[in-house]
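Here is a friendly walk through one protein model. Keep the viewer open as you read, and turn to each spot as it comes up.

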Amino acid sequence: MNVVFRKNQVYGHKEMIMNDSTKRILLVDSDEGDSRVLTQRLERLGYEVISAPQESSSAIAVDNPSIDVALVDINMPVESGFRVAEDLTESSDAKVVFISSVKTPTVRNRAKALGASGFIEKPYTGAYLKAQLEQALAP
């Protein structure tokens with residue numbers, strides 16, 4: 001296994017990259033606690049995680065063209081996750097999976113209309129998270 005370290009572009013800490021075939025997830029969530037927990041879950045599942053505040057997520061996606069999936073929370077204070085996803089899809093080939101605690105058909109339909117590759121309702125299990133990401137990453 002090829003292991004390398006690089007500096008996190010947002011927070012400045014070192015990140016371990018498992019190998020070139022590791023799938024990369026851009027996590028966009030305004031809640032630091034949720035983001036930290038989700039990052040740990042994703043890393044345990046074997047993903048490389050780049051965590052980004054919503055206002056810099058598009059720039060990070062452009063700087064990291066190897067991002068496979070953007071995991072975007074819908075409810076954020078500066079702008080909605082829908083808007084963030086629109087910006088990401090304009091600047092990146094990453095697939096988008098939304099996360100939300102809102103369980104209305106309107107929210108799901110809007111996500112689908114934006115071309116979402118998945119939708120994860122909070123609260124969720126690790127198995128459901130894994131299944132949604134695997135589905136999004138499937139060719």
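This is a predicted model: local features need pLDDT of at least 70, side-chain atom pairs count only at pLDDT 80 or more; totals for chains, interfaces and linings use all residues.

## Two packed helices

Let's begin with a helix pair: H1, covering residues 32-44, packs against H5, covering residues 126-137, at an angle of about 70°, and their axes are 11 Å apart. An angle from 65 to 115 degrees counts as roughly perpendicular, so H1 and H5 are roughly perpendicular to each other. The crossing of H1 past H5 is right-handed.

Which residues in H1 and H5 meet? From H1 come Leu-38, Arg-41 and Leu-42, and from H5 come Gly-126, Leu-129 and Leu-133. By type, the residues of this contact of H1 with H5 are four nonpolar, one polar and one charged.

## The whole protein

The protein has five helices and seven strands.

Of the 139 residues in the protein, 42% are buried. The accessible surface of the protein is about 7500 Å², and carbon and sulfur atoms account for 51% of that surface. Contacts across the sequence are worth a look too: among those between residues at least 6 apart in sequence, 57% join residues at least 24 apart.

## Ile-74, in a loop

Next, find the loop between strand S5 (69-73) and helix H3 (81-91), which is where Ile-74 sits. Is Ile-74 buried or exposed? Residues under 20% relative accessible area count as buried, and Ile-74 has a relative accessible area of 5%, so Ile-74 is buried.

What does Ile-74 touch, leaving aside residues up to four places away in sequence? Its contacts are Ser-80, Gly-81, Phe-82, Phe-98, Ile-99, Ser-100, Val-107 and Phe-119.

Most peptide bonds are trans. The bond joining Lys-122 and Pro-123, however, is a cis peptide bond, with omega about -10°. Pro-123 belongs to the loop between strand S7 (118-121) and H5.

## Ala-127, back in H5

To finish, return to helix H5, where Ala-127 is found. A relative accessible area over 50% counts as exposed; Ala-127 has 60%, so Ala-127 is exposed.

How far apart are the C-alpha atoms of Ala-127 and Leu-45? These two residues are 82 residues apart along the chain, and 9.8 Å separates their C-alpha atoms.

Note on methods:
Residues are numbered from 1 along each chain as its sequence is written. Side-chain values use heavy atoms; hydrogens and water are left out. Helices (H or I, at least four residues) and strands (E, at least two) are DSSP runs, numbered from the N terminus. Buried means under 20% relative accessible area, exposed over 50%, partly exposed in between (1.4 Å probe, protein chains only). Contact means heavy atoms within 4.5 Å. Accessible areas come from the Shrake-Rupley method with a 1.4 Å probe; for residues, only the protein chains shown count as cover. Axes are lines fitted to C-alpha atoms, for helices over the stretch in contact, and angles run from 0 to 180 degrees between N-to-C directions. Angles under 35 degrees count as roughly parallel, over 145 as roughly antiparallel, 65 to 115 as roughly perpendicular and the rest as oblique. A crossing is left-handed if the near helix is turned anticlockwise from the far one by less than a right angle, and right-handed if clockwise. Ala, Val, Leu, Ile, Met, Phe, Trp, Tyr, Cys and Pro count as nonpolar, Asp, Glu, Lys and Arg as charged, and the others, Gly among them, as polar.
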